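Have a look at the sequence and coordinates first, then read on.

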Amino acid sequence: MKIFDGHADIWYDVAKKRKLGEENIFKKYHLDRLKTGNIMGGIFIAYLEQIEGQDDEKEMFHLINSTIHEIRENQDIFNIIREKGDFNRGIVEGKFDIIMGIEGLKAIGKNLDWIDTFYELGFRHASLTWNEENHLATGVDGDKERGLTSIGKEAVKKMEKLGMIIDVSHANDKTFWDIYDNTTKPIIASHSNVKALCDHKRNLTDEQIKAIAKRDGVIGINAYKKFLARDRYKQNLERYVDHIEHIISLVGIKHAALGFDFCEYLYIDKKDEDINPIGLENASKAVSVLEELYKRGYNENDIRKIAFENFMRITEMIL
């Protein structure tokens, strides 16, 4: 069975390596591991590093240019999802189903025309913030009393009107609820876990999980080990699936998904186990999650929903 990964920093990696003069980055660094792990696509993210004094707009141009170049070089294997029906077309054609995403809109400042530009370039997903405060919203490292700004409220309404998927991962609690109160369509948490199982600032409360489910949204469970458990002996594949099961027990199987956030390839000076849990060290091990779900008694129809159909449903509802 194939897997759709709700969060992969592929475009960020492409841009970073293109600065070093490399080409053909997806096929060279990612393709084999994704295929081994049965991953058939995902939300591929353009992420802007948080560097003080950086020209964010210039860096965003580089990210976009790198992304467009990589897509043109991989038309034989990429299916870019832009509208209803595109997800299924990729499955039929056997290509990688890709939703183009942006993690944090810091680079646009207060200029919401950027959102139109992103949309015209094929981006269909965005979160308003990473962990920082910006002109639109507040991440988990920001002021707890600060949420969406007035222009941030305009931004989510524009995104919703265009048909972009709004992602609440990395938002602080107030931003989360402000997004919820200023939108009407499904929202997602592409790579967030369960606070009831691991009390981390990046994880979601049961109330937030219920709110996402009420909107018919999905939560993609993150494989970053520190979001799974405080106890390092519990930072493993089994604990990852525990987070999936918590979502299912709380709100039902149609709201549980996979958002691995594998990023060991970004840290060439570290070993895989420094970032990801035992048994789920990188994308090549993704299929182990499905195997564990089978062991726990889930049937093929249920596992298919978790593996890719729940994200597929979101594209049909929003795009």
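1. Ground rules. This is a predicted model, where local features need pLDDT of at least 70, side-chain atom pairs count only at pLDDT 80 or more, and totals for chains, interfaces and linings use all residues. Residues are numbered from 1 along each chain as its sequence is written, and side-chain values use heavy atoms, with hydrogens and water left out.

2. Salt bridges overall. How many salt bridges does a search of the whole structure find? The search turns up 20, taking a salt bridge as a side-chain nitrogen of Lys or Arg within 4 Å of a carboxyl oxygen of Asp or Glu. Three of these pairs are picked out below.

3. Aspartate 86 and arginine 89 form a salt bridge at 3.0 Å, N to O. Both sit in helix 4 (residues 86-93), three residues apart, about one turn of the helix. Helices here are DSSP runs of H or I with at least four residues, strands are runs of E with at least two, and both are numbered from the N terminus. In general, an α-helix has 3.6 residues a turn, so residues three or four places apart point the same way. Aspartate 86 is buried at 5% relative accessible area, while arginine 89 is partly exposed at 37%. The classes are buried under 20%, exposed over 50% and partly exposed in between, with a 1.4 Å probe and protein chains only.

4. Arginine 313 and aspartate 216 make a salt bridge, with 3.5 Å between the closest N and O atoms. Arginine 313 is in helix 11 (residues 300-318) and aspartate 216 is in the loop between helix 8 (206-214) and strand 8 (218-221), so the pair ties together parts 97 residues apart in sequence. Arginine 313 counts as buried at 18% relative accessibility, and aspartate 216 counts as buried at 17%.

5. Glutamate 245 bridges to arginine 296, with the closest N and O atoms 2.8 Å apart. The two are 51 residues apart, glutamate 245 in helix 9 (residues 237-251) and arginine 296 in the loop between helix 10 (287-295) and helix 11. Glutamate 245 is partly exposed at 24%, and arginine 296 is partly exposed at 27%. A salt-bridge network links Arg239, Asp242, Glu245, Glu292 and Arg296.

6. The core. A nonpolar core here is a set of buried Ala, Val, Leu, Ile, Met, Phe, Trp, Tyr and Cys residues joined through side-chain atoms within 4.5 Å. The largest one holds 104 residues, of which Trp11, Tyr240, Ile244, Phe260 and Val289 touch the most other members. Helix 11 gives the largest share of this core, eight residues. Setting aside neighbours within four places in sequence, isoleucine 244 contacts (heavy atoms within 4.5 Å) Ile221, Ala256, Leu258, Val289, Leu293 and Ile306.

7. Helix 10. Which residues of helix 10 are buried? They are Val287, Ser288, Val289, Leu290, Glu292 and Leu293. These buried residues pack against strand 1, helix 2, helix 9, strand 9 (256-258) and helix 11. Just after helix 10, glycine 297 has a positive phi of about 100°.

8. The cavity. On a 1 Å grid over the protein atoms alone, a cavity is a set of points where a 1.4 Å probe fits but cannot get out, and lining residues have an atom within 4 Å of a point. The search finds one cavity of 30 Å³ or more. The largest cavity has about 100 Å³ of space, a volume being the space filled by probe spheres set on grid points that are joined across faces, edges and corners. Its lining includes Asp5, His7, Tyr29, Arg33 and Glu264, and helix 2 gives the largest share, four residues.

9. Most residues other than glycine have a negative phi. Histidine 170 has a positive phi near 80° and sits in the loop between strand 6 (165-167) and helix 7 (173-181), where histidine 170 is buried at 7%. Aspartate 216, the salt-bridge partner of arginine 313, also has a positive phi, about 70°.

Conventions
On a 1 Å grid over the protein atoms alone, a cavity is a set of points where a 1.4 Å probe fits but cannot get out, and a pocket is an open set with protein on both sides within 12 Å along at least five of seven lines; lining residues have an atom within 4 Å of a point.
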